[in-house]
Amino acid sequence: MILGRILPGMAIGVAGTLLASTAVSAQGLDAYDDEPTAAGANVAGMTLDSKELVSLAQSKAGSESDPGPNREAFNGAIGGDEVVDFGAGYEIPLDEFLSFGEAGAIHSESTATDAKNGKAVTGIVGADGGLTLDGKDSEFGTAKVDLLSLVAATGKSDVTKGLIDQADLNFGLGGSWVEAVDGEFQDPDGVGKYGQYRVGDAKLELHSPAIEDAGDGVSDAAGQMEDEVADAVNDALGLGKALPGMTVDTTVTSTIQDDVLDAILREPITTDDGLATIDLGEGSVEVDVARIGGNDDGVIDRPVGINNQDPNTELIDDETYPFIASSIHDAIEKVIDVAVDTAVESLRSANVNVDITALDGTTASWDMDLTGEVSNYSCESAGATGAVSCTTIDGVMKTMETVMGPVYDTLSDPSGLLYDAFTTIKTDMMTVPIRAALDPFLKLIADNLVSLQINHQETTECTTADGSKAVNGVKVSALSIGVADGKARMNFGNAGVRTDTCDESAKDAPKGPVDRHSDDTKSGPFGFLPNMGW
């Protein structure tokens, strides 16, 4: 593909061909500069200085030459040779930076009816055949962006080298909707300024050798705890004193270490609030940045809801970073809670075997659990004093429940010995190294080396005959990614309209068929109004 218009200083190179069914050249709204109204929408695209450079599944319309409605479908395909440049030499092969999961039934549609009426939408097909932002996340599809490639492109890899080796933003594709009616840009839901947008989930997944090593730390703690259980049992029994002159061997066997490792390594562990998940077996942690950045839990000074945010809201900044960091810490704490709870449960199956040999040759043995419940008791007397030896041993054996009861209570206290056995390891081998590995990367993002915005908006103004300013162009992107405050951005779920708002000659333009809001309103999960002609 050869771009239709090469812009000076253009910040994107295309070394191959995007599939024709999903890509168009750098001519969205720009293709109709000379027409009163232009509309354009796409599923994903890159802009430089607000100029569209490359797009996937782009539709476009011009009020004079091609009013539409024009629709394009998205199939999730990316070619293999494209290179995107975020400016200042931040070049990344597109297929290393971006990948799509299961492609949803997402389309873009653009209409430019006349000089003051136009509409653009990226969404899914509704029951009436029009495009809508309503529906399940899965219907839109998913995508993944490699954030570590952005860090590498900016020359900051030294900050993350050896600490993290994967940093992905996994998100559900969304959409947006922009409409101008008689030159006025609409805000149908009353939030987020112009138009509407739809963002699916957005989760930050980080992989680090430090997280993998943390599993070894918990294993060490579990083994240490087994040793402490054995020591505690032997100290409590004191059978050497209760049976003077006899040789006593006690063996404590348990599956505590194996049970704990199964519990923490076999599957991911999620915090109680669901904001973070850690997978020690895979060495990864995942944080729900959509819930945090969207203030779904109402804990920061933002509107509540991922789809109710103000324009150009950063998902990760100095306001949300502390909550992301604390969620990772909560995930580590949850690992310890799971380990301790598993260890306490495993204590029930621990076994203490006692073997006794008296000086006269009498031998006795029994098994018992940590509550002192005895099984398999036997005493074989020997010599003239064997009966007396068995009587003595029998008396001691019958005290086991009294002796072991307090020991079991102590061991099974989640805040006692077991917790102490884990928390030292947790601090030294989990919290400190994991935070040391992840914090530098998160700080880079929070300091806006990489910008992750929802409800990204760009507007243009014109001057009316009386000298006042009026908005004559609006572009909305559900999710937008930029680098180092650069002018280039990769945007997802895009829609834009430009009208002849300030042109006096357009005042008497015939009204087009774009429907106004009906009094017969119906609100969906995102407050949509029907009868918008979608």
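Asp297 counts as partly exposed at 41% relative accessibility, where buried means under 20% relative accessible area, exposed over 50%, and partly exposed in between (1.4 Å probe, protein chains only). Its side chain forms a salt bridge with Arg291, with the closest N and O atoms 3.0 Å apart; a salt bridge here is a side-chain nitrogen of Lys or Arg within 4 Å of a carboxyl oxygen of Asp or Glu. This is a predicted model, in which local features need pLDDT of at least 70 and side-chain atom pairs count only at pLDDT 80 or more, while totals for chains, interfaces and linings use all residues. Residues are numbered from 1 along each chain as its sequence is written, and side-chain values use heavy atoms, leaving out hydrogens and water.

**Confidence**
- The chain averages a pLDDT of 82, and 86% of the residues score at least 70; pLDDT is the predictor's confidence in each residue, from 0 to 100.
- Over residues 1-27 the pLDDT is below 50, and over residues 505-534 it stays under 50.

**Salt bridges**
- The whole structure holds 12 salt bridges.
- One of them joins Glu109 and Arg71 at 2.7 Å, N to O.
- Glu109 sits in strand 10 (residues 106-114) and Arg71 in strand 6 (residues 70-73), so this pair ties together parts 38 residues apart in sequence. Helices (H or I, at least four residues) and strands (E, at least two) are DSSP runs, numbered from the N terminus.
- Glu109 is buried at 9% relative accessible area, whereas Arg71 is partly exposed at 33%.
- Asp439 and Arg435 also form a salt bridge, with their closest N and O atoms 3.2 Å apart. They are four residues apart in helix 12 (residues 417-446), so about one helical turn separates them.

**Around strand 22**
- Four of the five residues in strand 22 (residues 284-288) are buried.
- Strand 22 pairs antiparallel with strand 18 (residues 202-207) over five bridges; two strands pair if DSSP finds at least two bridges between them.
- Strand 21 (residues 276-279) pairs antiparallel with strand 22 too, over four bridges.
- Strands 21 and 22 make a hairpin with four residues between them, and Gly283 in the turn has a positive phi of about 75°.

- Four strands line up in the order 19-24-25-26, with antiparallel pairing.
- Strand 19 (247-253) and strand 26 (374-380) are at the edges with a single partner strand each, so one side of each has no neighbour in the sheet.

Key. Contact = heavy atoms within 4.5 Å.
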